[in-house]
Amino acid sequence: MANKTIDHAITGKTLKSAASDPTHAGILSFMRRRYTKVLKDVDAVVWGIPFDAATSNRPGTRFGPQAIRRASAIMDNDPQYPFERDLFEDMAVIDYGDCLLDYGNHQKTPGTIEREAKKILKSGAYMLTLGGDHFITLPLLRAHAEKYGPLSLVQFDAHQDTWADEKGRIDHGSFVGTAVREGLIDAESSIQIGIRTHAPEDCGIRILYGYDVEEMSAAEIAETIIRHVGDRATYLTFDIDCLDPAFAPGTGTPVSGGPSSARILSVLRKLGALNIVGSDVVEVAPAYDHADITAIAGSNIAMYMLGLHAENLAERR
């Protein structure tokens, strides 16, 4: 016990140190990272946006960031599989906490998210966001596009989210169409994976439908994504309902016929060639979960996003 610590999220002495909290105890930041708003010398920021007022079906994703953090506790210390490294040995990562939103004034939400995101990005840190419903990706894209220009979108999802929308309306089913119309994403180099519903338009985005994903190997899916996107600045967004409800029951709009968590994690592992400048995991709704199945999937997906960034940093340094 001499070298053990607890509550590493506030007692950790450096941003790169591993944690040794018991998995069943301690303060639950994402993978026990230091809770702080200080962005100096930070390589990557994890933050939560507990918002679900744009949900069209079952609400509850405002509790998603908490659930993902809780599920991430089991990954806080050992070298992270399959990256064969302690992700935090050479990468300074903080948990920035949550975005403060006025639950009684949702029209202010997009601007609040965008302003906070711009502040984080200005520091030079990579940003990994935990949602919240999928609407939050729109203000995140606005912030990233201001810094990087029009982005390629790689979207894992059961829904296209390209429904028509009125200006200023808040809806998690229309953010992609809005982002295309605003010039935030380049439709021709963007791709959606796992789609199992129909929308009135595809906005020119490449689609790998659920039945395509079922018939392709993980390597084939990853190769298709990389070949289509190329070396453009890329935003990676993962709606947990991309997974079949057997692997992610805790979400607002589950759709049968999706891939397993194993298949999609294998795809993510092979996306290291992409120039990913930002990412998010959204639509985890723990009230409909069982035994934290969905939260565990979400936390692993988020960890893979950090793993890819750690490898990218190692290559640049």
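The model is a predicted one.

**Stop 1: Arg32.** Select Arg32, in the loop that runs between helix H1 (8-11) and strand E1 (34-35). Is Arg32 buried or exposed? Its relative accessibility is 0%, so Arg32 counts as buried. Now show what surrounds Arg32: leaving out residues up to four places away in sequence, it touches His8, Ala9, Ala19, Asp21, Pro22, Thr23, Ala25, Gly26, Ile27, Ala73 and Asp76.

**Stop 2: H3 and H4.** Select helix H3 (residues 109-122) and helix H4 (residues 137-148), whose axes come within 8 Å and cross at roughly 40°. H3 is therefore oblique to H4. The crossing is right-handed. On the H3 side, display Pro110, Ile113, Glu114, Ala117, Lys118 and Leu121; they meet Pro139, Leu140, Arg142, Ala143, His144, Glu146 and Lys147 of H4. By type, the residues of this contact are seven nonpolar, one polar and five charged.

**Stop 3: the nonpolar cores.** The largest nonpolar core has 54 residues, of which Val154, Phe156, Ile193, Ile225, Phe238, Leu268 and Leu306 touch the most other members. Colour helix H9 (residues 293-316) next: with eleven residues, H9 gives the most to this core. Then centre on Phe156; beyond its neighbours within four places in sequence, its contacts include Ile193, Ile225, Leu236, Phe238, Cys242 and Leu268. Another core, of 41 residues, lies apart from that one, and includes Ile94, Tyr96, Ala145 and Ala187.

Technical notes: Residues numbered from 1 in each chain as written. Predicted model: local features only at pLDDT ≥ 70, side-chain atom pairs only at ≥ 80, totals over all residues. Heavy atoms only, no water. Axes fitted to C-alpha atoms, helices over the stretch in contact; angles between N-to-C directions. Helix = DSSP H or I, 4+ residues; strand = E, 2+ residues; numbered from the N terminus. Parallel < 35°, antiparallel > 145°, perpendicular 65-115°, else oblique. Left-handed = near helix turned anticlockwise from the far one by under 90°. Contact = heavy atoms within 4.5 Å. Nonpolar A, V, L, I, M, F, W, Y, C, P; charged D, E, K, R; others polar. Core = buried A, V, L, I, M, F, W, Y, C linked by side-chain atoms within 4.5 Å. Buried < 20%, exposed > 50% of the residue type's maximum accessible area, 1.4 Å probe, protein only.
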